[in-house]
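Thanks for passing this one over. Here are my notes, point by point, to read with the model open beside you.

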Amino acid sequence: MKDVDVSKQIQQMIKFIRQEAKEKADEISVTAEEEFNIEKLQLLEAEKKKIKQEYERKAKQIDVRRKIEYSMQLNASRIKVLQAQDEVVNSMKDASRKALSRLANDKKVYRKLLKDLVLQGLVRLREPSVIIRCRETDKKVIESLIEECKKEYMDKIRLQQPPKITIDDRVYLPPPPKNGNSDSLEPFCNGGIVMASEDGKIVLENTLDARLDVIFRQKLPEIRKRLLE
């Protein structure tokens, strides 16, 4: 084979090798770019997911904080409303107590009230023997009512034997508030009686103050409801 032919063949081989190397390099370059793009997309998606999770976490924190703040404001408002209601109720209660303290000044009305309270106590206890505790200032009035109350009680529940009624002259209920001031820190009683069975096992508080407390406890939900209207 001539040198020219050998040289030609060598040149063709070199050209083939270069072409194959170029194609291989192009293939590697394309593959590398594809892998780079895939990895870049994965990193981008991971970062997006991380940012989204962080946003959701912060949004949830803000929402929780808002709910806590709203709840605190709502509770504060409720407390203010309840305090305002308590002030109104206490004012009403004080006014009622002052009115009760003036009730005893009307002797005729107060005498009838004491009679009704004694009679009510007898009917509710239905004991053969009872003890009445009253204010010392009311003792004489109640003594004057005993026989009358016995008779009406016997007629009411059709008894043949009258009950025994004893007035406790050792321990009295507290006196009326001084100068009609029901804000006094000293114990006071606006009137009425406490009746008990002879053995002391059954006690009925029928004082005006106790009755007033019962009325306010029963009517308190209704009063609060009206104050909100």
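1. On confidence, the mean pLDDT of the protein is 85, with 92% of its residues at 70 or more. E1 has the highest confidence, at 97, and helix H4 (residues 208–228) the lowest, at a mean of 79. As a rule, where pLDDT is low, the predicted coordinates should not be read in detail.

2. The UniProt record, an unreviewed entry, annotates residues 34–61 as "coiled-coil region". In the model, that stretch is 100% helix and 0% strand. Its end C-alpha atoms are 40 Å apart. The annotated residues fall within helix H1, which covers 3–103.

3. Does the length of H2 agree with its residue count, or disagree? It agrees: at 1.5 Å a residue, its 19 residues should span 27 Å, and the end C-alpha atoms are 27 Å apart. Arg126 lies in the loop between H2 and E1 and counts as exposed because its relative accessible area is 53%.

4. Still, have a look at Ile146, where H3 bends by about 40°. Ile146 is itself buried, as are Ile142, Leu145, Cys149, Lys150, Tyr153, Met154 and Ile157. An α-helix has 3.6 residues a turn, so residues three or four places apart point the same way. The cover over the buried residues of H3 includes helix H2 (107–125) and the strands E1 (129–133), E2 (164–167) and E3 (192–197).

5. Arg158 follows the helix with a positive phi, near 60°, although it is not a glycine. You'll find Arg158 in the loop between H3 and E2. With a relative accessible area of 75%, Arg158 is exposed.

6. Which residues touch the most other members of the largest nonpolar core? They are Val118, Leu122, Ile132, Ile142, Ile193 and Met195, out of 27 residues in that core. Helices H1, H2, H3 and H4 and strands E1, E2 and E3 each supply at least two residues. H2 gives the largest share, seven residues. Leaving aside neighbours within four places in sequence, Ile193 has contacts that include Leu114, Leu117, Val118, Ile132, Ile142, Leu173 and Leu204.

7. Last, a loop residue: Cys189, between E2 and E3. Is Cys189 buried or exposed? It is buried, because its relative accessible area is 4%. Beyond its sequence neighbours within four places, Cys189 is in contact with Arg135, Leu173, Pro174, Pro175, Pro176, Pro177, Thr207 and Asp209. Asp209 is 20 residues away from Cys189 in sequence, yet their C-alpha atoms are 6.8 Å apart.

Terms used
Residues numbered from 1 in each chain as written. Predicted model: local features only at pLDDT ≥ 70, side-chain atom pairs only at ≥ 80, totals over all residues. Heavy atoms only, no water. UniProt positions renumbered as here; feature names shortened; annotations may be inferred. Helix = DSSP H or I, 4+ residues; strand = E, 2+ residues; numbered from the N terminus. Bend = angle between axes of the 7 residues up to and from the residue. Buried < 20%, exposed > 50% of the residue type's maximum accessible area, 1.4 Å probe, protein only. Contact = heavy atoms within 4.5 Å. pLDDT = per-residue confidence, 0-100. Core = buried A, V, L, I, M, F, W, Y, C linked by side-chain atoms within 4.5 Å. Expected span 1.5 Å × (residues − 1).
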